[in-house]
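This report looks at aromatic rings and nonpolar cores in one protein model. Please have the sequence and the 3D view open while reading.

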Amino acid sequence: MGARLQSGPFDIAAEHAGLIGARTDLGAVVSFTGLVRADDGLVALTLEHYPAMTLAQMQAIAADAAARWPGVVGSIVHRHGRLLPGDAIVLVITASPHRGDAFAAATFLMDWLKTKAPFWKREEWADGTTRWVAAKPADDAAADGWGQAAPR
């Protein structure tokens, strides 16, 4: 599984084609795209990160998914910088011979990205105020449901 950081938009169709190519052994592809929501006057969301640390953690999460679901291939693309409502933030694509593993791996990747990938999110509001986004207990609970990292 691969992981990448970028500031610009991603092309979902190109990412999909790049992951599965001409393979005929795959029976399911699952994709998730996270978007910036315009909640209550939000005008922008800025994602900050320390590139080496963030990419290393994303790669570790991808490696953990590969260890848990050996037949699954996948890709993570996560954006950083200032994003506007409607912009895509993250793309997770998984593919496997059967849908159950593809869905499980995609869900795992998103649950762990939300809680273990070191991004700092700052919201900008229409009235000019800003605030840092706090971790959500529900996200922590979802990630905790997967247990510890898989042995490698």
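## Basis

The model is predicted: local features need pLDDT of at least 70, side-chain atom pairs count only at pLDDT 80 or more, and totals for chains, interfaces and linings use all residues. Residues are numbered from 1 along each chain as its sequence is written, and side-chain values use heavy atoms, with hydrogens and water left out.

## Aromatic pairs

A pair of aromatic rings is described by the distance of the centres and the angle of the planes. Rings of Phe, Tyr and Trp (its six-membered ring) pair if their centres lie within 6.5 Å; planes under 30 degrees apart count as stacked, over 60 as edge-to-face and the rest as tilted. Four such pairs are found in a search of the whole structure. In one of them, the ring centres of Phe108 and Trp112 are 4.6 Å apart and the planes are at 40°, so this pair is tilted. Phe108 and Trp112 are four residues apart in helix H3 (residues 99-116), which means that about one helical turn separates them. Helices (H or I, at least four residues) and strands (E, at least two) are DSSP runs, numbered from the N terminus.

Phe108 also pairs with Trp146: the centres are 5.4 Å apart and the planes are at 85°, so the pair is edge-to-face. Phe108 is in H3 and Trp146 in the segment after helix H4 (137-144), so the pair ties together parts 38 residues apart in sequence. Trp69, Phe108, Trp112 and Trp146 form one aromatic cluster.

## Burial and charges

Buried means under 20% relative accessible area, exposed over 50%, and partly exposed in between (1.4 Å probe, protein chains only). Phe108, at 0%, is buried, and Trp112 is buried too. Trp146, at 24%, is partly exposed.

A charge sits over a ring if NZ of Lys or CZ of Arg is within 6 Å of the ring centre and within 35 degrees of the ring normal. Over the face of Trp112 lie Arg68, at 5.2 Å from the ring centre, and Lys116, at 4.7 Å.

## Nonpolar cores

A nonpolar core is a set of buried Ala, Val, Leu, Ile, Met, Phe, Trp, Tyr and Cys residues joined through side-chain atoms within 4.5 Å. The largest has 31 residues, and Met58, Ile76, Val92 and Leu113 have the most contacts inside it. H3 gives the most to this core, with eight residues.
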